[in-house]
Amino acid sequence: MPMRPEFTDRLTPVVDRIADHYGTPFHIYDEKGIRDTCRHLKTLFSGITGFSEYFAVKALPNPEILKIFKEEGFGFDCSSTPELQLARMAGGHGDALMFTSNNTTEEEFRAAAAEGGSVLNLDDISLIEKVPEMPELICFRYNPGNRRTGNEIIGNPLEAKYGVSHDQLEGAYRKAMERGATRFGLHTMLASNELNHTYMVETAAMLLDRIRDLRKTLGITFEFINIGGGLGIPYEPGQEALDITAMAKEITALFNTFEKEEGYMPRLCMESGRFMAGPHGALVTRVINKKETYRTYVGVDACMSALMRPGMYGAYHHITVPAKADLPCDTVVDVVGSLCENNDKFAIQRDLPALAEGDLLLIHDTGAHGHAMGFNYNGKMRPKELLLESNGSVHMIRREETFEDYTATLLCDAAPFNPTA
Ligand SMILES: *Cc1c(COP(=O)(O)O)cnc(C)c1O
């Protein structure tokens, strides 16, 4: 099922009034749903001491949302200086921040070490010398190379730009030890929107094998493994959800076996974005035009600036019409934005109830990689973000962009520089 039914039930009766009050389009996020998912995840993995989820900030980088994750006891996964700053604004610091960057600059390393630091997750062996100060605790992102991957968004590990190769891994930790590291973690991120829980279990097993091997060869005890993000959500009706219960059970069993054999249990870290936030957001947009040419086009007041995934990956986002929920889906339409790009379509040849100007549409599952991916091509502004709070009130947590925002970086009067002088 796309979008949690509980969210739909909370939103449907009030969506018209919210749209009238704030104006469309907007993304709206469900606080209750986010908190429920956080608590469910913690309960499922409670058999592993020190289980921690680091919410991937890039999925929904709004400090008001990050604060909810912080309150639920989660850390943050960041991969840029601004993401670190946002996470710190929400109260994340030290061990509760994981800095998983790639192609990293010295400034980023300094930002990662600033203000109480973060856990440094290095993407390459060459970076060991570039870290201005080697922290006590160091983690490497592992790329196992030849391994079946979940799906095409991440691609074949052999072609992926991420991580330390299999043959480099031991040397990477050895070098980090020479530079003074004394505490260790191991990370990998191999999946994206993965719905097969077995794949995630295999990833955990692979990392546990690696830290077992590395303990033998290097004599180091790993504090944690981090299986990355990439847990999938069912975007399409009828798609089976990831069996997170089975995943937790099977990974817990692996950890128990590991503890028996090795005499200790490492922590398990995850850094999911989509799974935590995706189903708890919706893009609400209004039909403003209808056009009959070779196809029927339904023009809405949002466009790709609000949601890139359909245009960029051909991703499916379910669409419902709250006021016409009981009508049959007996017309076939393309739901389009206003960008001068033919891939600015939220849905292609989709069965929907007959639509009229003024109808409100819910585009489902926009809580992760939705607003965050938006862009300003064609002078299209990104929409506002609202939070449907647990108590039923609605809080605007980001306004829509304006022409002033769009032109804020222009420097018409800057003094020219003459490079030949
Ligand atoms: C994007 C990303 C994530 C989050 O991915 P989801 O698919 O949203 O779970 C986690 N870790 C890293 C390193 C990433 O690049």
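**Conventions.** I am working with a predicted model, in which local features need pLDDT of at least 70, side-chain atom pairs count only at pLDDT 80 or more, and totals for chains, interfaces and linings use all residues. Residues are numbered from 1 along each chain as its sequence is written, and side-chain values use heavy atoms, with hydrogens and water left out. I take helices (H or I, at least four residues) and strands (E, at least two) as DSSP runs, numbered from the N terminus.

**Helix pair.** I looked up how α7 (residues 169-178) packs on α8 (residues 197-218): the angle is about 55° and the axes are 11 Å apart. Axes are lines fitted to C-alpha atoms, for helices over the stretch in contact, and angles run from 0 to 180 degrees between N-to-C directions. α7 and α8 are therefore oblique to each other; angles under 35 degrees would be roughly parallel, over 145 roughly antiparallel, 65 to 115 roughly perpendicular, and the rest are oblique. On the α7 side I listed Leu-169, Glu-170, Tyr-173, Arg-174 and Met-177, which meet Arg-210, Leu-214, Thr-217 and Leu-218 of α8 (contact means heavy atoms within 4.5 Å).

**Backbone.** I found a cis peptide bond from Thr-24 to Pro-25, with omega near -5°. Pro-25 sits in the loop between α2 (15-22) and β1 (26-30). Asn-103 has a positive phi near 50° and lies in the loop between β4 (97-100) and α6 (106-113). Asn-193 also has a positive phi, about 50°, in the loop between β8 (183-187) and α8. I checked accessibility: Asn-103 is exposed at 68%, whereas Asn-193 is buried at 18% (relative accessible area under 20% is buried, over 50% exposed, in between partly exposed; 1.4 Å probe, protein chains only). Most residues other than glycine have a negative phi, and most peptide bonds are trans.

**Salt bridges.** I counted 25 salt bridges, each a side-chain nitrogen of Lys or Arg within 4 Å of a carboxyl oxygen of Asp or Glu. In α7, Arg-174 and Glu-170 pair at 2.6 Å, N to O; they are four residues apart, about one helical turn. Arg-174 is partly exposed at 37%, as is Glu-170 at 30%. In α8, Arg-212 and Asp-209 are three residues apart, with their closest N and O atoms 2.9 Å apart. Here Arg-212 is buried at 18%, while Asp-209 is partly exposed at 35%. I also noted a network of salt bridges linking Glu-31, Arg-35, Arg-39, Glu-71 and Glu-72.
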